[in-house]
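Subject: The model we talked about

Hi,

Here is the structure I promised to pass on. Have a look first, and then read on for my notes.

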Amino acid sequence: MLSIDPTSISERENYKFLIGSIIPRPIAFVTTLSEEGVLNGAPFSYFNIVSSNPPMISLSIQRTEGRQKDTARNITSLK
């Protein structure tokens, strides 16, 4: 598995990595872990770059019938 340490490369290299990861727009496969330890994986087609320093992306998580999806619930329950 390839691992990238954003603190070991320049801001420009982080930016180039993020741009190359998002254009053309691929599908982001986001994994989260519930409080019970259950792994969740979900595809997202709507995401974008927020910052290259620190390297961050944003994603849009919709609701189903007014209820948060597992990904959103797992992210917001982080402590």
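Below is what turned up, going from the overall picture to single residues.

First, the ground rules. This is a predicted model, so local features need a pLDDT of at least 70 and side-chain atom pairs count only at pLDDT 80 or more, while totals for chains, interfaces and linings use all residues. Residues are numbered from 1 along each chain as its sequence is written, and side-chain values use heavy atoms, with hydrogens and water left out.

**Confidence and layout**

The mean pLDDT (the predictor's confidence in each residue, from 0 to 100) is 87 for the protein, and 96% of the residues score at least 70. By element, the lowest mean belongs to α1, at 85, and the highest to strand β6 (residues 67–68), at 94. Where pLDDT is low, the predicted coordinates should not be read in detail.

There are two helices and six strands, taken as DSSP runs numbered from the N terminus (helices: H or I, at least four residues; strands: E, at least two). Along the sequence they run α-β-β-β-β-β-β-α. Along the principal axes, the C-alpha atoms fill a box of roughly 40 × 25 × 20 Å.

Of the 79 residues, 20% count as buried; the cut-offs are under 20% relative accessible area for buried, over 50% for exposed, and partly exposed in between (1.4 Å probe, protein chains only). The protein exposes about 6,300 Å², with carbon and sulfur atoms supplying 55% of that. Those areas come from the Shrake-Rupley method with a 1.4 Å probe, and for residues only the protein chains shown count as cover. As for contacts (heavy atoms within 4.5 Å), 38% of those between residues at least 6 apart in sequence join residues at least 24 apart.

**The core and its surroundings**

The largest nonpolar core consists of six residues: I22, A28, V30, A42, F44 and F47. Strands β1 (28–33) and β2 (39–44) each supply at least two residues of this core. By core I mean a set of buried Ala, Val, Leu, Ile, Met, Phe, Trp, Tyr and Cys residues joined through side-chain atoms within 4.5 Å. In soluble globular proteins, nonpolar side chains tend to be buried together.

Leaving out neighbours within four places in sequence, which applies to every contact list here, A28 is in contact with A42, P43, F44 and F47. G41 lies in strand β2 and contacts F29, V30 and T31; at 38% relative accessibility G41 is partly exposed. G41 and R12 are 29 residues apart in sequence and 30 Å apart in space, C-alpha to C-alpha.

**Helix α2**

This helix covers residues 70–76 and includes T71, which is buried at 2% relative accessibility. T71 touches V30, T32, N40, A42, F44 and I61. N74 also sits in helix α2 and is buried, at 9%; N74 touches T32, L33, S34 and N40.

The structure has one salt bridge, where a salt bridge is a side-chain nitrogen of Lys or Arg within 4 Å of a carboxyl oxygen of Asp or Glu. R73 and D70 form it, at 2.2 Å from N to O. Being three residues apart in helix α2, the two are separated by about one helical turn. R73 is partly exposed at 29%, and so is D70 at 39%.

**A surface patch**

L2, I4 and F17 make up a nonpolar surface patch with about 320 Å² of accessible area together. Patches are made of residues with over 30% relative accessible area and no salt bridge, with like charges joined within 9 Å and nonpolar side chains (Val, Leu, Ile, Met, Phe, Trp, Tyr) within 5 Å. I4 belongs to the segment before α1 (11–22) and is partly exposed, at 38%.

**Two backbone details**

Most residues other than glycine have a negative phi, and most peptide bonds are trans. The peptide bond from N53 to P54 is cis, with omega near 5 degrees; P54 is in the loop between β3 (47–52) and β4 (55–59). E65, a residue other than glycine, has a positive phi, near 50 degrees. E65 is in the loop between β5 (63–64) and β6 and is exposed, with a relative accessible area of 82%.

Cheers
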